[in-house]
Amino acid sequence: MSYMMMLLKSLASLCILAGLVFAVPAQEKRIHHQADLSDHAHNDAHGFQYDHEAFLGKEEAKTFDQLTPEESKDKLAKIVDRIDTDKDGYVSHAELHYWIKHRQRRYIKENVNKHWNDYDKNQDGKIGWEEYKNTTYGYYLDQEFDDIEDKATYKSMLTRDERRFKTADRDGDGIATREEFTAFLHPEEFDYMKDVVVQETVEDIDKNGDGKINLDEYIGDMYTPENGESEPEWVQTERKHFSEIRDANKDGFLDGSEVAHWVLPGEVDHADNEAKHLIHETDTDKDEKITKKEILANWNMFVGSQATNYGEDLTKRHDEL
């Protein structure tokens with residue numbers, strides 16, 4: 001297990017304040033690092049959900065889970081024809097890499113479009129901070145959050161939203177264009193938002209408020225032991241990563257620059273890694289490219305279905321016993 005297990009939380013409903021107002025989905029509230037292709041662990045031994053979301057995009061992967069195996073394979077065959085842009089009968093690494101990148105960009109665009117009309121109340125093609133704030137927190141602003149049990153949490157959410165919005169608003173006019181609103185919802189995708197990503201990561205994990213992340217905070221953010229449970233191997237690996245890799249100056253803490261190296265590893269191309277992984281696993285003749293026949297022979301690695309979804313649920317239940 002790596003820091004990828006701490007990726008963005010799965011999409012939640014926009015309605016979080018007693019069903020009366022909108023808020024940024026939980027996923028976008030918690031930004032830990034460079035966007036990965038899926039929120040799931042990349043562990044083929046426990047299912048292919050990571051691969052499905054990487055290959056199809058997060059929303060499209062859900063639709064395949066409702067199909068029969070035959071329907072999933074039929075749709076996959078049509079997708080393969082689209083990926084093979086030069087029509088030579090093979091899917092190359094370059095074609096698969098481009099496809100996966102395209103699907104991830106499409107997910108972000110669709111995610112922004114889904115929320116846009118909730119906030120652009122006057123339909124002027126822009127979203128002002130006041131417009132966003134009133135839509136998200138409206139009723140509770142007048143009440144000073146007195147009606148909410150965890151008042152401090154919602155006040156801190158408002159502060160964080162304002163800071164992130166103002167950073168995304170590059171020209172400082174208090175109004176977000178669609179591009180700026182995309183940076184607000186998905187700051188991990190924009191270089192000029194890196195400081196916000198790092199700051200929010202530290203704030204989320206730093207429980208004692210000293211502005212740094214110690215080993216206990218680092219592990220505690222991703223793993224909570226149950227009574228009598230021995231520590232899993234992946235947690236022990238993360239302990240080593242903290243001391244040997246993350247904590248560059250060996251002072252026992254992660255400061256801002258060390259968190260930046262951890263959560264914003266610019267050299268990592270997840271789409272490239274996934275393309276290589278899928279080809280390696282399905283390229284039976286080892287010619288470093290895959291045919292439609294090879295893909296369909298391993299169809300459940302690329303897409304889900306009712307059957308594979310049910311099987312993964314059974315596996316999860318068995319592991320939990």
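**Close-ups of a predicted model**

View 1. D272 and K276 share helix α13, sitting 4 residues apart, or about one turn of the helix. In this predicted model, their side chains join up in a salt bridge, with 3.1 Å from N to O.

**View 2. The largest nonpolar core.** Helix α13 (270–282) turns up here too: α2 (49–56), α3 (58–64), α4 (69–83), α5 (93–119) and α15 (299–302) are the other helices that, like α13, each put at least two residues into this core. The core holds 27 residues, and F55, L76, L96, I100, F302 and V303 have the most contacts inside it. Zoom in on L96: once its neighbours within four places in sequence are set aside, L96 touches F55, I83, V91, A275, L278, I279 and I290. Another core lies apart from this one, with 20 residues that include I127, W129, Y132 and M157.

**View 3. E130 and K133 in helix α6.** Here the side chains of E130 and K133 form a salt bridge at 3.4 Å, N to O. The two residues are 3 apart in α6 (residues 129–142), so about one helical turn separates them. E130 is partly exposed, with a relative accessible area of 44%, whereas K133 is buried at 18%.

**View 4. K166 and E162 in helix α7.** Both residues belong to α7 (residues 151–168), and they're 4 residues apart, about one turn of the helix. K166 counts as exposed, at a relative accessible area of 52%, and E162 is partly exposed at 27%.

**View 5. A salt-bridge network.** Beyond the pairs, there's a linked set: R160, R163, R164, E200, E203 and D204 are tied together by salt bridges. The total count for the model is 14 salt bridges.

View 6. Mean pLDDT for the protein chain is 82, with 80% of residues at 70 or more. Residues 1–34 are another story, with pLDDT below 50, though the model still gives that stretch 127 contacts beyond near neighbours in sequence. At the other end, residues 309–321 also stay under 50 in pLDDT, and the model has 7 contacts for them beyond four places in sequence.

Technical notes: Residues are numbered from 1 along each chain as its sequence is written. Side-chain values use heavy atoms; hydrogens and water are left out. A nonpolar core is a set of buried Ala, Val, Leu, Ile, Met, Phe, Trp, Tyr and Cys residues joined through side-chain atoms within 4.5 Å. Buried means under 20% relative accessible area, exposed over 50%, partly exposed in between (1.4 Å probe, protein chains only). Contact means heavy atoms within 4.5 Å. pLDDT is the predictor's confidence in each residue, from 0 to 100. A salt bridge is a side-chain nitrogen of Lys or Arg within 4 Å of a carboxyl oxygen of Asp or Glu.
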